[in-house]
Amino acid sequence: MGLFDSTGSSGSVSNVHLDNVSVDGRSNVGALVGRTDGQIDGSSATGNVTGSTRVGGLIGELGSTTVSNSYADVTVEGGKYVGGFVGEATSDDGEVRGSFARGNVSGDTDVGGFIGQAGKYADTT
């Protein structure tokens, strides 16, 4: 749930800027997109995002895609897999470049300022 519920691998979102959003959902919740396998570039959101699982300031669930030059300045509240930018990364092909998050993030488990849960897909190089 977000401006876009989901984007497939052939989809892309560029230069979309959302101000003062208020998004409230259950799972796969983000201001811009709930779940994405499509490319995102130069996009941002400000406001509030609330959900239960996979809740992110910009993206709820990040699949096989690249997100670049984007940011979230969002207050994020959720239960599990809650992040200031992405709730959960679920693919080893997902990548985030030149992006940032700020704002308050709160949840019950797997909570992070940038990504709530990256698990085995985390690479800090």
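Mentor: Start at Asn28. Leaving out residues up to four places away in sequence, Asn28 touches Met1, Gly34, Arg35, Thr53, Arg54, Gly60 and Glu61. Keep in mind that this is a predicted model. Asn28 sits in strand E4. Is Asn28 buried or exposed? Its relative accessibility is 18%, so Asn28 counts as buried. The cut-off for that class is under 20%.

Now widen the view to the sheet. Four strands make up an open sheet, and their order is E4-E8-E12-E17. The pairing is parallel. Strand E4 covers residues 27-30 and is one of the edge strands. Strand E17, residues 109-112, is the other edge strand. Each of these two pairs on one side only. From one strand to the next, the twist averages 5°. As background, strands of a sheet pair through backbone hydrogen bonds, in either a parallel or an antiparallel way.

Strand E12 spans residues 80-83. E12 and E17 run parallel, and 3 bridges join them. Within this pairing, Val82 stands opposite Val111 of E17.

Stay with Val111. This residue belongs to strand E17. Which residues does Val111 contact beyond its neighbours within four places in sequence? They are Val82, Val105, Ser106 and Gly116. So Val82 both stands opposite Val111 and is in contact with Val111. Gly83 gives another reference point. Its C-alpha atom is 5.8 Å from that of Val111. Along the chain, Val111 and Gly83 are 28 residues apart.

The protein has 18 strands and 0 helices. Its C-alpha trace spans about 30 × 30 × 20 Å along the principal axes. There are 125 residues, and 44% of them are buried. Take contacts between residues at least 6 apart in sequence: 78% of these join residues at least 24 apart. The accessible surface comes to about 5900 Å². Carbon and sulfur atoms hold 39% of that surface. As for charge, the protein has 7 positive and 15 negative charges, and their mean positions are 4 Å apart.

Conventions:
Residues numbered from 1 in each chain as written. Predicted model: local features only at pLDDT ≥ 70, side-chain atom pairs only at ≥ 80, totals over all residues. Heavy atoms only, no water. Buried < 20%, exposed > 50% of the residue type's maximum accessible area, 1.4 Å probe, protein only. Contact = heavy atoms within 4.5 Å. Areas by Shrake-Rupley, 256 points an atom, 1.4 Å probe, with all protein chains shown as cover. Lys, Arg positive; Asp, Glu negative; His and termini not counted. Charge placed at Lys NZ, Arg CZ, Asp CG, Glu CD. Pairing = 2+ DSSP bridges. Axes fitted to C-alpha atoms, helices over the stretch in contact; angles between N-to-C directions.
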